[in-house]
Amino acid sequence: MPAARTVLLTGAAGGLGTLMRGLLPDYGYALRLLDMVPVEGAPDAVTADLGDPADEAALREAVRGVDAIVHLAGISLEAPFDRILRANIEGTYRLYEAAREAGIRRVVFASSNHAVGFTPRPRDGDPLVPVGTPHRPDTFYGLSKCFGEDLAQLYWDRHGIETVSVRIGSCFPEPTSVRMLSLWLSPGDAARLFHAALTAEGVGHTVVYGSSANTRLWWDLSSARALGYEPRDDSEPYARKLIAEQGALDDANPDHAGLGGHFCTTPTMWPH
Ligand code: NAI
Ligand code: 15L
């Protein structure tokens, strides 16, 4: 257990933010919360829109004195490009700028499987997808996560801010689709992974996949394990029920072809 450290949690009102508000304090972290909407039960949370220059002063104040940032805020599904641009691309840039000015040394960035969503899912006997696989975003949303990863690399090379970019699979209390049997990250494992990402030494900019130790895993967790992440959960107990309800993955179905699932066939929305 590390000494208590203050961590800014952006996106604190969202699904994952709410789960992490419950779990990260057990690792000794004192959380400062930020979201563009009020965070229920947390009157001290900072309400600021990362994409809005008018909220810059609030953002500066939010990052002041924290030891690290867990950056979850943003649009979490496909959306019109101009909305993605503001929240995810400009918002992440503004956060890194505030971090640089405040001298913060460590960020954990919530990237996504959708940064590599068009990567074919491994079939029986295929090797796991390596972390070095090229970006293949499946949506403007996925593209914004590619940008976030590259921004993290830039701020490491230029300014020495370390980041662990976690390409999260599907982090929900339970897997709810057959695809999620491969990508599921249990909330408990998410907290273990974020803790490892906050405490590992010398990460520079490291990209990891974020999922539990699923029997049907599609991707290689070795860079996450190298940080000290030891997943404890496996989606397999949910497999029989989900497959009975939804059927097995179908090689002929384009929604089942890539890591990104149905995001690969979701119409992109341009410009709004
Ligand atoms: P969510 O949509 O439930 O929560 C996102 C939060 O960010 C919301 O509370 C929203 O108000 C806030 N937000 C959006 N734009 C903002 C802005 N401009 N300024 C400040 N706050 C803003 O999403 P969820 O599921 O909690 O995901 C959290 C992060 O993890 C997102 O970045 C998402 O892309 C990423 N992720 C999540 C996965 C999952 O399975 N839950 C999978 C892969 C990535
Ligand atoms: C994501 O990136 C989304 O934020 C989340 O809501 C899920 O759709 C997840 O990917 C997924 O692919 O299941």
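Me: Which helices and strands each supply at least two residues of the shell around ligand 1?
Reply: The model is a predicted one. One strand, β5, gives the most to the shell around ligand 1, with three residues. The elements that each supply at least two residues of this shell are α1 (15-23), β5 (106-112) and α4 (140-159).

Me: Of the 27 residues around ligand 1, which come nearest?
Reply: By class, the shell around ligand 1 has 14 nonpolar, 10 polar and three charged residues. Of the 27 residues in it, those that come nearest are Leu16, Asp35, Ser76, Tyr141 and Cys171.

Me: Which residue has a polar side-chain atom 2.9 Å from an oxygen atom of ligand 1?
Reply: Gly14 has a polar backbone atom 3.1 Å from an oxygen atom of ligand 1. Gly74 also contributes through its backbone, with an N or O atom 3.3 Å from an oxygen atom of ligand 1. The polar side-chain atom at 2.9 Å from an oxygen atom of ligand 1 belongs to Lys145.

Me: What percentage of the accessible area that ligand 1 has on its own does the protein cover?
Reply: The space taken by ligand 1 is the largest pocket. On its own, ligand 1 has 820 Å² of accessible area, and the part of this that the protein covers is 87%.

Me: Where does ligand 2 sit?
Reply: Ligand 2 is surrounded by residues including Leu77, Ser112, His114, Gly169, Ser170, Phe172, Arg179 and Phe263. By class, its shell has four nonpolar, six polar and one charged residues. Ligand 2 sits in the largest pocket.

Me: Which residue has a polar side-chain atom 2.6 Å from an oxygen atom of ligand 2?
Reply: Ser76 has a backbone N or O atom 2.6 Å from an oxygen atom of ligand 2, but that is a backbone contact. Asn113 does use a polar side-chain atom, at 3.1 Å from an oxygen atom of ligand 2. The polar side-chain atom at 2.6 Å is that of Tyr141.

Me: What percentage of the accessible area of ligand 2 does the protein cover?
Reply: Polar contacts to oxygen atoms of ligand 2 include those from the side chains of Asn113 and Tyr141. Of the 320 Å² of accessible area that ligand 2 has on its own, the protein covers 83%.

Terms used:
Residues numbered from 1 in each chain as written. Chains lettered and ligands numbered in written order. Predicted model: local features only at pLDDT ≥ 70, side-chain atom pairs only at ≥ 80, totals over all residues. Heavy atoms only, no water. Near = heavy atom within 4 Å. Polar contact = N/O pair within 3.5 Å; in protein donor to acceptor, adjacent residues only side chain to side chain. Areas by Shrake-Rupley, 256 points an atom, 1.4 Å probe, with all protein chains shown as cover. 1 Å grid on protein atoms, 1.4 Å probe; cavity = no way out; pocket = protein on both sides within 12 Å on 5 of 7 lines; lining within 4 Å. Sits in = over half its atoms within 2 Å of the grid points. Nonpolar A, V, L, I, M, F, W, Y, C, P; charged D, E, K, R; others polar. Helix = DSSP H or I, 4+ residues; strand = E, 2+ residues; numbered from the N terminus.
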